[in-house]
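Please look over the chain shown below before reading the notes that accompany it. The notes are meant to be read with the structure open, one topic at a time.

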Amino acid sequence: MRKRRRVTPVGSGRAGAAGAALVLGSAGVLLGLAAGPAQAAEVSFATHCVPPAGITPVDGTTKVEITAPATAKVGDTVDVVWKFVQAASKNPDIIDLPANSVQPSGVLKAAGAQAAAIAMQGARENPAIPKGGAMVLSDMKGTLKLTTPGEVTLTPDAYTVNAMSTDTKCTPTETVQKAATIEVSPGGGSSSTTTPDPTDSASQPPSSSPSDTASASASASASDGTGSDQTDFTGKEVDIPYTCQSPIGEKKATSPIQINAKKDGGSFDLTVQFKKSVMDSPADIPKGSVKPSMEVVLGGADKGTVHVEGPTNSKDIKSGDPIEIPDLTGTYKPGADGKSTLSPGVLTINALGTTTTCKPDRTEVSLTLDTTQQASGASGGSSTSGGSSSTGGSSGAGGLAATGSSDHGALKALGLVAGTAILLGGAVFTFMPGRRTR
């Protein structure tokens, strides 16, 4: 009789266990591959775009592609990308837009398990766009921290196209379909919070150090302008909010400013310092083409203004780079005896033959000086004449109403088209925080 061999079914014994483990492991790999990759979906929607004043609004179709992870867990911060397949409006038949002069920004709405408005922004990167050409916009990016398990949908909303400092605002005119969905699973990050613990010293603003206090006291003492032997006077740093006017609207700006003085006989050499980089260039600007000036406002015993100005830019400024205001200097001849105050006033920028004007919404005294009336000095109490300047050559406040390069009551807007400066509208220089210049 032939002896029968026992056949072990697949799935039993050691071999079966190993095979089952291999199959399960493969399944796990497949599941893992499906869980993490980003998804991209395209949607289109009717859009109403409002360009700068004087240009007809446009109704068109926006097509965008949204990329986001297909799955994630609570506590994750995910990256999302908004890619413009087609912008709703084209470049108007007015000017050619130079390379790297257009920047998009917008809002992506999260809904479902978690509601949020995700701020999206792209780089100021674009090829040269001719008049009437399709707008080529960079990808916009943003992040979303996931806080709730469930399905989170992402839907495009309004966006803005900034071209050489002018804004075209585009808004959907129909219900926009969701462009992506993130399946959010429970995770270890749900208990995290961005609310600072009031008992945590690390979350509290730093208190003034002894050296800070001593420095502030020294500055305050110096700014009094007292002491017959003192020649150098340091003003305090004051934050001045400006409103920049232009043919198509206005822009707001705030900058820390400090006024210092050095006594020279009966007069004072003034230096006005901007403590932050306050401007972003909308286009490439050649050296020697940007010149700032300011009218320092006199108060207390004296009245009027003193004209101070700075040198032109010593090197080329690339599009998107900060434009830093150099020290502004001038000479103050007092027109009265007593304590006279000096405050930042109207700031003016001359650039390639154009002018942009920013007037302070309010001003604050930076420096107080003991003054003695000088011949041909400032107003000495008259409200109709201004301060004299050894550099600017202006005399009375009545001259401030003039136009052109002598218009000290205006802050200048810049637009570059084929190498020619034009008023494109809007304050071209956007005031923004930046690094200290000194």
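The model is predicted, and its side-chain atom pairs count only at pLDDT 80 or more. The count of disulfides comes to one, and that of aromatic pairs comes to five. The largest nonpolar core has 39 residues, and apart from that core lies another, of 33 residues.

**Disulfide**

- Cys49 and Cys170 are joined by a disulfide, with a distance of 2.2 Å from S to S, and the angle of 115° about the S-S bond makes the link right-handed.
- This pair links distant parts of the chain, since Cys49 belongs to strand E1 (residues 38-50) and Cys170 to strand E9 (residues 166-172), 121 residues apart.
- Cys49 has a relative accessibility of 1% and therefore counts as buried, and Cys170, at 1% relative accessibility, counts as buried too.
- In general terms, a disulfide is a covalent bond between the sulfur atoms of two cysteines.

**Nonpolar cores**

- Within the largest nonpolar core, of 39 residues, Trp82 and Leu154 are the residues with the most contacts inside it.
- Two or more residues of this core come from each of E1, strand E2 (58-69), strand E4 (77-86), strand E5 (102-112), strand E6 (116-122), strand E7 (140-145), strand E8 (150-163) and strand E10 (180-185), and E8 gives the most, with five residues.
- Leaving aside residues up to four places away in sequence, Leu154 touches a set of residues that includes Ile66, Ala68, Val80, Leu108, Ile118, Leu144 and Ile182, and Lys109 and Lys178 are also among the residues that Leu154 touches.
- The other core, which lies apart and has 33 residues, includes Ala261, Leu270, Val306 and Ile323.

**Aromatic pairs**

- Among the five aromatic pairs is that of Trp82 and Phe84, whose ring centres are 5.6 Å apart and whose planes meet at 45°, so the pair is tilted.
- Phe233 and Phe268 form another aromatic pair, which is edge-to-face, with 6.0 Å from centre to centre and 65° between the planes.

**Strand E14**

- Is strand E14 (residues 267-274) largely enclosed by the rest of the structure or largely open? Six of its eight residues are buried, so E14 is largely enclosed by the rest of the structure.
- E14 pairs with strand E19 (residues 328-332) in the antiparallel sense over five bridges, and Asp269 stands opposite Thr331 in E19.

**A loop residue**

- Gly75 is found in the loop between strand E3 (71-73) and E4, and because its relative accessibility is 24%, Gly75 counts as partly exposed.
- Although Gly75 and Ser185 are 110 residues apart along the chain, their C-alpha atoms are separated by 9.7 Å.

Technical notes:
Residues are numbered from 1 along each chain as its sequence is written. This is a predicted model: local features need pLDDT of at least 70, side-chain atom pairs count only at pLDDT 80 or more; totals for chains, interfaces and linings use all residues. Side-chain values use heavy atoms; hydrogens and water are left out. Buried means under 20% relative accessible area, exposed over 50%, partly exposed in between (1.4 Å probe, protein chains only). Helices (H or I, at least four residues) and strands (E, at least two) are DSSP runs, numbered from the N terminus. Two strands pair if DSSP finds at least two bridges between them. A disulfide is a pair of cysteine sulfur atoms within 2.5 Å. Rings of Phe, Tyr and Trp (its six-membered ring) pair if their centres lie within 6.5 Å; planes under 30 degrees apart count as stacked, over 60 as edge-to-face and the rest as tilted. A nonpolar core is a set of buried Ala, Val, Leu, Ile, Met, Phe, Trp, Tyr and Cys residues joined through side-chain atoms within 4.5 Å. Contact means heavy atoms within 4.5 Å.
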